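Please look over the sequence and the model shown here before reading on. The briefing that follows takes the domains, then the helix packing, then the sheet.

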Amino acid sequence: MSTLARIKELEAEATAAISAAADTAALEELRVKYLGRKSELTGILRGIGSLPPEERGPVGKEANRVRGALEEALECSHEALAAAELQRRLEADRVDVTLPGTRPVRTGHLHLITQTRREIEDIFAGLGYRVLDGPEVEHDFYNFTALNHPPGHPARMLQDTFYIDPQSLPDGVRNEEGLPPGPRDVLLRTHTSPNQVRAMEVSEPPLFVIVPGTVYRRDTMDATHLPMFSQVEGLAVGEDVTLADLAGTLQEVARALFGPERETRLKPDFFPFTEPSVQVDVSCFRCNGTGKLPDGSRDGVCKGTGWIEILGAGMVDPNVFGFVRDGRYDPERIQGFAFGMGIERIAFLKHGLPDLRIFYENDVRFLEQF
Ligand code: PHE
């Protein structure tokens, strides 16, 4: 066969192979096979010098034409195949953003006390109360004096209160009253009640607020006492807010917290800043107020009484209104009720827990259950 004929044959063979190639890897093999250094065509071009002189021109020309044509065909196919391959890869790697995400191995959640606090906040928000915040480091004035604790009241003594700096008057001047500490001393609040006067100082009546927060007492720690715990203070003041409103409001709250069947009762109590003062009990949610469990044994949650104390409350003592700056709360014109509930105690009762200390031991086996 003449060299020219062989070149034509190579062209036909290579062109057919190129158009049949399935992917860019196959194309690369064909490029090496037909145009590479060891290919037949390259060999022909290299050997032109040894051909008879009259064949050199036509063979060289034809071989170069075919080389150019094959390069073009390869490039053309490469473009098409590479585009198809990219398309396939994009399709395979596509992320479906509508699929649910992958859960992290362990997610945290809110502490039971925070959950309970928010539940209480939601209940009061539904009743139209605003949620306020107040300082944990407090003046003796707001914590005690403005709440009608006379000097010498035992609650002001060091054994109940963490004083930041007893007798913290400027220039090292001694406490005006000597011990117990006086109105200008600084302490960790022992209850959220200082926010009664604080709330009234920043808002005109009528006023419906709750103030949740942490409080501190120099208590020994045992199953039912913690040196740090949480309360929610409530204050409702207007021209005609009565003890009946207090009873109705707290009945609603008890039912929202412990179930729609619950009853509440008020018992006389004493707080220096409310008059009259009451203790609010809710009928026991465990034994349904009977004091007995289905098997006839005594219910430990209510200690067999059928009632559980949930908070302290009362009508705001007129003296407390008198401590609000600028006399904006005139006890001749307005009246109201206040209450304070312990958040740990509510959570403790709701979940039938054995010991208050469990809240702050940070044992995940406990925390994970809620
Ligand atoms: N501050 C009181 C306590 O800590 C509770 C209370 C609040 C009582 C408001 C009456 C009114 O025990």
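Which domains does the domain assignment of the protein chain give? The assignment divides the chain into domain 1 (3–92) and domain 2 (112–367), the bounds coming from an automatic or database domain assignment. The model is predicted, with local features requiring pLDDT of at least 70 and side-chain atom pairs counting only at pLDDT 80 or more, whereas totals for chains, interfaces and linings use all residues. Residues are numbered from 1 along each chain as its sequence is written, and side-chain values use heavy atoms, with hydrogens and water left out.

**Domains**
- The C-alpha centres of domain 1 and domain 2 are 92 Å apart.

**Helix packing: α1 with α4**
- Helix α1 (residues 3–20) packs with helix α4 (residues 53–92) at an angle of about 0 degrees, their axes lying 10 Å apart; axes are lines fitted to C-alpha atoms, for helices over the stretch in contact, and angles run from 0 to 180 degrees between N-to-C directions.
- Helices (H or I, at least four residues) and strands (E, at least two) are DSSP runs, numbered from the N terminus.
- The angle makes α1 roughly parallel to α4, given that angles under 35 degrees count as roughly parallel, over 145 as roughly antiparallel, 65 to 115 as roughly perpendicular and the rest as oblique.
- On the α1 side the contact (heavy atoms within 4.5 Å) involves residues including L4, I7 and I18, and on the α4 side residues including V59, V66 and L70.
- By class, the contact of α1 with α4 has 12 nonpolar, 3 polar and 5 charged residues, where Ala, Val, Leu, Ile, Met, Phe, Trp, Tyr, Cys and Pro count as nonpolar, Asp, Glu, Lys and Arg as charged, and the others, Gly among them, as polar.

**Helix packing: α5 with α10**
- Helix α5 (residues 112–126) and helix α10 (residues 343–350) pack at about 100 degrees, with their axes 9 Å apart, which makes α5 roughly perpendicular to α10.
- Among the residues making this contact are L112, I113 and R117 of α5, together with I343, E344 and K350 of α10.
- The contact of α5 with α10 comprises 6 nonpolar, 1 polar and 4 charged residues.

**The sheet and the helices across it**
- An open sheet of 7 strands runs in the order β1-β5-β6-β10-β9-β8-β7, with mixed pairing; two strands pair if DSSP finds at least two bridges between them.
- β1 (130–131) and β7 (264–271) stand at the edges with a single partner strand each, so one side of each has no neighbour in the sheet.
- Strand β6 (residues 228–238) pairs with strand β10 (residues 335–342) in the antiparallel sense over 8 bridges.
- Helix α8 (residues 243–258) lies across β7, β8 (274–283), β9 (307–316) and β10, running at about 145 degrees to β9.
- Helix α10 lies across β6, β9 and β10, at about 150 degrees to β9.
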